[in-house]
Amino acid sequence: MLSFLRAFFMLNGHIKLFVSVIVQAILDALNIFYNNSKKNEQYNEEAINWLIHKDFAYVCDLADLHPDYVLYVYLQLKEYNEHLTYEQTHKILHEKFTRSR
């Protein structure tokens, strides 16, 4: 029983890790950064390109999320990102991607 619980919590941590990767990529793609940096433009461009790369779908699978749903959330937030802070957007993304867990 203990090994089952340990495996369950390790899996949960594994999913949380990849959800966090996706959340950060969406924040970068939305051009919402916690700190101002000269590299933010580069991060923004790389994140947008990653959202259409095959690795994106693979990471979504590791996060137990459907890539189409993640892109849907991204596009919805893209419409309103001028009105949301970094903290608000971060919270919304984590709630959307962890609600059913």
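This note goes through a predicted model of one protein chain, point by point.

1. On the basis of the model: because this is a prediction, local features are reported only where pLDDT is at least 70 and side-chain atom pairs only at pLDDT 80 or more, while totals for chains, interfaces and linings use all residues. Residues are numbered from 1 along each chain as its sequence is written, and side-chain values use heavy atoms, with hydrogens and water left out.

2. On the overall fold: the protein chain has 5 helices and 0 strands, and its elements run α-α-α-α-α from the N terminus on. Helices here are DSSP runs of H or I with at least four residues, strands are runs of E with at least two, and both are numbered from the N terminus.

3. On burial and surface: of the 101 residues of the protein chain, 32% count as buried, where buried means under 20% relative accessible area, exposed means over 50%, and partly exposed lies in between (1.4 Å probe, protein chains only). The protein chain exposes about 7,200 Å², and carbon and sulfur atoms supply 56% of it; these areas come from the Shrake-Rupley method with a 1.4 Å probe, and for residues only the protein chains shown count as cover.

4. On the core: the largest nonpolar core has 26 residues, and those with the most contacts inside it are Ile22, Ile26, Val70, Leu93 and Phe97. At least two residues of this core come from each of α1 (2–29), α2, α3 (54–62), α4 (67–80) and α5 (86–98), and α1 gives the most, with 9 residues. Such a core is a set of buried Ala, Val, Leu, Ile, Met, Phe, Trp, Tyr and Cys residues joined through side-chain atoms within 4.5 Å.

5. On contacts, meaning heavy atoms within 4.5 Å: if residues up to four places away in sequence are not counted, Ile26 touches Val70, Tyr74, Leu93 and Phe97. Across the protein chain, residues 24 or more positions apart account for 66% of the contacts with a separation of 6 or more.

6. On helix α2 (residues 40–50): its buried residues are Asn40, Asn44, Ala47 and Trp50. They lie on the same side of α2 because they cover an arc of only 130° around the axis, the arc being that of the directions from the helix axis to the C-beta atoms. On the other side of α2, Glu41 and Glu45 are exposed.

7. On Asp28, found in helix α1: this residue counts as buried because its relative accessibility is 13%. Leaving aside neighbours within four places in sequence, Asp28 is in contact with Phe33, Tyr43, Asn44 and Ala47. Asp28 and Glu41 are 13 residues apart in sequence and 8.8 Å apart in space, C-alpha to C-alpha.
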